[in-house]
Amino acid sequence: MVVKGKIEAKVEIKSSAQEFHDVVNGKPHHLANISPDKMHGCTLHSGDLGSTGSIIEWHYTHEGVKKSTKQIIEVDDGKYKVVYKIIGGHFSEYPNFHITYDAIPKPGDGGTIVHLIFEYEKPDENTPDPTSLLEYLCDLTKEVDAHIQAEAAAK
């Protein structure tokens with residue numbers, strides 16, 4: 001019996017929502033330079049980078065293992081939000097796996113809350129929730145923020 005799951009986390013960053021969204025959605029190939037121990041590249045299979053309906057494949061190391069995941073993306077630039085629907089590669093044991101990031105501007109101080117949401121189905125109760133991947137993306141979010149802040153300080 002299929003079991004639906006949902007896990008989420010919020011990461012507070014200093015960068016603006018637009019700056020974060022521009023890197024993660026508009027320049028995903030830069031993630032390999034920002035975090036080379038985690039990310040190894042991003043291959044565009046169809047469409048345009050950062051556009052709804054595009055198919056991309058991430059190449060990364062998670063839990064000490066090199067992996068890849070193919071995804072269709074859905075972009076809402078007005079809200080700095082992207083939904084990645086996994087269609088192949090690792091984590092395909094979770095049917096209908098969607099990863100959403102929503103970069104929400106904080107009022108006042110100019111920072112951002114990055115809300116990461118995983119919605120998925122797992123084949124049964126014994127299949128673990130993908131919590132280590134959520135932690136991995138929280139760490140990557142912090143690394144992207146540190147990179148954006150370092151670039152701003154260098155200007």
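The numbered points below cover the basis of the values, the aromatic pairs and the core.

1. This is a predicted model, in which local features need pLDDT of at least 70 and side-chain atom pairs count only at pLDDT 80 or more, while totals for chains, interfaces and linings use all residues. Residues are numbered from 1 along each chain as its sequence is written, and side-chain values use heavy atoms, with hydrogens and water left out.

2. Rings of Phe, Tyr and Trp (its six-membered ring) pair if their centres lie within 6.5 Å; planes under 30 degrees apart count as stacked, over 60 as edge-to-face and the rest as tilted. The count by this rule is 10 aromatic pairs. One of them is the edge-to-face pair of Phe20 and Tyr101, at 5.5 Å centre to centre with 85° between the planes. Because Phe20 lies in helix 1 (residues 17–26) and Tyr101 in strand 6 (residues 98–105), this pair ties together parts 81 residues apart in sequence. Helices (H or I, at least four residues) and strands (E, at least two) are DSSP runs, numbered from the N terminus.

3. Phe20 and Tyr101 are both buried (under 20% relative accessible area, 1.4 Å probe, protein chains only). Phe97 and Phe118 also form an edge-to-face pair, with 5.4 Å centre to centre and 65° between the planes. Phe97 has a relative accessible area of 0%, and Phe118 likewise has 0%.

Definitions and conventions: Buried < 20%, exposed > 50% of the residue type's maximum accessible area, 1.4 Å probe, protein only.
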